[in-house]
Amino acid sequence: MALDFTDKEIYQRDFDPRAYLDTYYAADVGSFVTDEYLPFILKNLFGTFASGAIRGDTLIDIGSGPSIYQFLSACEYFREIIATDYTDRNLQELEKWLKKEPGAFDWSSAVKFVCELEGDREKWTEKEEKVRRTVTRLLKCDVTKSNPLEPLTLPQADCLLTFLCLDAACKDHEAFCCALRNITSLLKPGGYLVMGGVLGSSMYMVGQYPFFSLDLEKEFLERAVCDAGYVVERLEVQPRTDLTSMFLSDYKASFFLLLRKQMDMK
Ligand code: SAH
């Protein structure tokens with residue numbers, strides 16, 4: 001039987017940031033580490049930003065959850081990164097890492113991986129400090145609102161990131177397209193949206209709770225981003241080969257999309 005949509009109130013109540021991080025991102029054993037989602041995304045982010053063509057003042061990450069891996073390459077190219085999420089607990093977990101508080105999640109293995117891609121694994125502590133300096137704000141966001149950062153109105157950003165968020169926040173294709181339009185309003189014309197996540201997933205476990213995931217297909221994604229006013233600059237899909245943790249999440253492939261918002265889109 002298909003899982004009912006997980007409403008944002010349930011995220012606020014039941015989404016345990018620590019269980020999420022331990023399950024999916026723990027060094028060596030997290031399922032996104034062993035099944036190659038994380039290295040796939042980190043390599044693509046490195047490749048995207050290393051060219052130096054995508055840079056600017058402000059970058060907004062939509063639905064950051066308790067994660068920081070998405071900032072490891074981008075932090076070298078933007079003056080300021082704004083992290084956002086719907087739940088208070090996720091933002092608190094993120095803050096714990098940014099402030100180096102006791103009990104913060106250990107991201108060092110992902111940080112070392114990115115430093116190695118950049119040519120110097122030994123620089124990982126400097127990289128962590130760079131992320132901590134660059135992520136200047138943690139804001140509440142709701143992608144179902146026409147201004148996801150309501151009640152704030154921010155100047156449009158040079159770049160947006162979003163990973164594994166829209167498929168969690170949207171119950172069907174129509175809601176996905178609507179959320180995509182909503183977040184696109186936060187981006188300057190000509191700016192970039194970097195999106196990544198999984199295809200063919202119906203659910204993922206966090207602690208004892210299953211969370212709904214919108215089953216995305218490559219063809220739908222291509223149509224949706226095109227309709228939202230983007231040009232696809234890069235689309236990578238990596239089929240999942242390690243099926244040992246299908247009980248945690250039943251996704252079939254990972255995807256990475258680099259999109260450019262058309263100049264004539266407001
Ligand atoms: N980007 C992170 C977290 C993904 S988990 C990562 O890559 O690991 C999915 C996230 O979507 C959760 O943090 C959840 O709080 C957030 N979310 C769910 N509904 C949302 C909504 N309506 N608006 C914004 N974020 C939402």
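Colleague: Across which strands does helix H9 lie, and at what angle does H9 run to E5?
Modeller: This is a predicted model. Helix H9 spans residues 173-184. It lies across E1 (56-62), E4 (157-163), E5 (187-199), E8 and E9. Its angle to E5 is about 140°.

Colleague: Which strands does helix H10 touch, and what angle does its direction make with that of E8?
Modeller: Helix H10, residues 218-227, packs on the sheet. Its contacts there are with E5, E8 and E9. Its direction and that of E8 make about 165°.

Colleague: Which strands stand at the edges of the sheet?
Modeller: The sheet is open, has seven strands and mixed pairing. The order is E3-E2-E1-E4-E5-E9-E8. An edge strand here has a single partner, so one side is left without a neighbour in the sheet. That describes E3 (135-140) and E8 (230-239).

Colleague: In E9, what is the bridge partner of Arg234?
Modeller: E8 and E9 (residues 253-261) run antiparallel. Nine bridges join them. In one of these strands, E9, the partner of Arg234 is Leu258.

Colleague: Why are the buried residues of H6 on the same side of the helix?
Modeller: In H6 (residues 108-117), the buried residues are Ser108, Ala110, Val111, Val114 and Cys115. They are on the same side of H6 because the arc they cover around the axis is only 160°.

Colleague: Against which helices do the buried residues of H6 pack?
Modeller: Gly119, with a positive phi near 105°, follows H6. Within H6, Val111 is one of the buried residues. The buried residues pack against H4 (37-50) and H7 (124-134).

Technical notes. Residues numbered from 1 in each chain as written. Predicted model: local features only at pLDDT ≥ 70, side-chain atom pairs only at ≥ 80, totals over all residues. Heavy atoms only, no water. Pairing = 2+ DSSP bridges. Helix = DSSP H or I, 4+ residues; strand = E, 2+ residues; numbered from the N terminus. Contact = heavy atoms within 4.5 Å. Axes fitted to C-alpha atoms, helices over the stretch in contact; angles between N-to-C directions. Buried < 20%, exposed > 50% of the residue type's maximum accessible area, 1.4 Å probe, protein only. Arc of directions from axis to C-beta.
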